[in-house]
Amino acid sequence: MVSILKLRSAFFTRPIRCCHCHFRSERGEKNVKLAPRVGLFWDLDNKPPNSIPPYDVANKLRVAASSFGVIRHMIAYANSHTFSHVPLAVQEMKKQRELLNRLENKGVIKRNEPYLCRVCGRKFHTNEKLVNHFKQLHEREHAKRVNQIESAKGSRRVKLVAKYSMKMEKYKKAARGVLTPSVGCGLADELKRAGFWVQTVSDKPQAADRALESDIVDMMDHRRVECVVLVSDDSDFVNVIKEAKLRCLKTVVIGDTPDGVLKRNADAAFSWEEILMGKAKKEAVSVVENWKDRDILKRLEWTYNPEVDKKKFNPDNAVTEASEDENIKDFCDEVDDDVYKDDKGAWWELDSDDDDTSRQSGKVSILSVTR
């Protein structure tokens, strides 16, 4: 008997525990609610980062948008003129660098530490010699690697990308400090470095707006985002914001117009100053909490549904109920007739004791005759 119990415990205890854990994990997965997917769309023709480094602005936009959910798409649209434009701050930096180069070449200014090449490690006394070395040697090597990768196909291309990835990344980091503003300070390069997908459109008027609008609508049609963050002050995007709200998507607008049409129709709005100072990230927490409370209230709201009410108050059901009442009434009438059919007198006349004795004697005589 003891051996049978041991075998029974060995065979039946583990599956029960596994099933319990399995069901518990399934319940846990059902209760977990994923964060909403966010799409960040930037109209660069309308809101370019004029005096602020593009990379810093792009990072702060990304941090602010991540407060509303998980960022899945970061897209920036502009024409070729916007991307070729060099900001004023970069132009001033370039002028200062040229002036310092002249003073270093004349010997007026001497640097305590030599200039170091971050690719090969060689040292130079003047910045101009470092730039010439970088262009003649490392820039040419980088161009050869890029051409070699672009000409290759299939598995060979994959192997070349894996082979040169470290060297190309090292070159890009060094070029930002040496070849400014030719490499790294351009608007498109800085936005790509920050993680944006940059799209250049034609120089026709409203070309960037149309491309950005069609991209947002396509994202909504395929349900790729649940929250739309738009960086623009252009009132042409009002229809897109309204369409997103009709589809129950959250909308956030970032711009400088305090009482614009976009901000009035959006669920939340922030200014450039709030983005750059980090206030938007703090305020976004309370905005998300308000959205959650609003969703709960919408679920608790009573809504009129005519189809459900028709089913509840259908006239056919009322007719059937009336017919059932009539049937019950007929049945009660029949029962009353059967009960009072044998009564000879009126129902209000009570039977006396003599009548009861005569009825009992009659019943006894009938029984005796039958016997």
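Me: With a relative accessible area of 25%, is Arg-37 buried, partly exposed or exposed?
Reply: The model is predicted; local features need pLDDT of at least 70, side-chain atom pairs count only at pLDDT 80 or more, and totals for chains, interfaces and linings use all residues. Residues are numbered from 1 along each chain as its sequence is written, and side-chain values use heavy atoms, leaving out hydrogens and water. Buried means under 20% relative accessible area, exposed over 50%, and partly exposed in between (1.4 Å probe, protein chains only). Because its relative accessible area is 25%, Arg-37 is partly exposed.

Me: Which residue meets the side chain of Arg-37 in a salt bridge?
Reply: A salt bridge requires a side-chain nitrogen of Lys or Arg within 4 Å of a carboxyl oxygen of Asp or Glu. For Arg-37 the N to O distance is 2.7 Å, and the partner is Glu-226.

Me: How many residues apart are Glu-226 and Arg-37?
Reply: Glu-226 lies in the loop between α8 (207-221) and β6 (227-231), while Arg-37 belongs to strand β1 (residues 37-43). Helices (H or I, at least four residues) and strands (E, at least two) are DSSP runs, numbered from the N terminus. The pair links distant parts of the chain, 189 residues apart.

Me: Why are Glu-190 and Arg-193 separated by about one helical turn?
Reply: These residues form a salt bridge, with the closest N and O atoms 3.0 Å apart. The separation is about one helical turn because both lie in helix α7 (residues 187-193), three residues apart.

Me: Is Glu-190 buried or exposed?
Reply: The relative accessible area of Glu-190 is 7%. Glu-190 is therefore buried.
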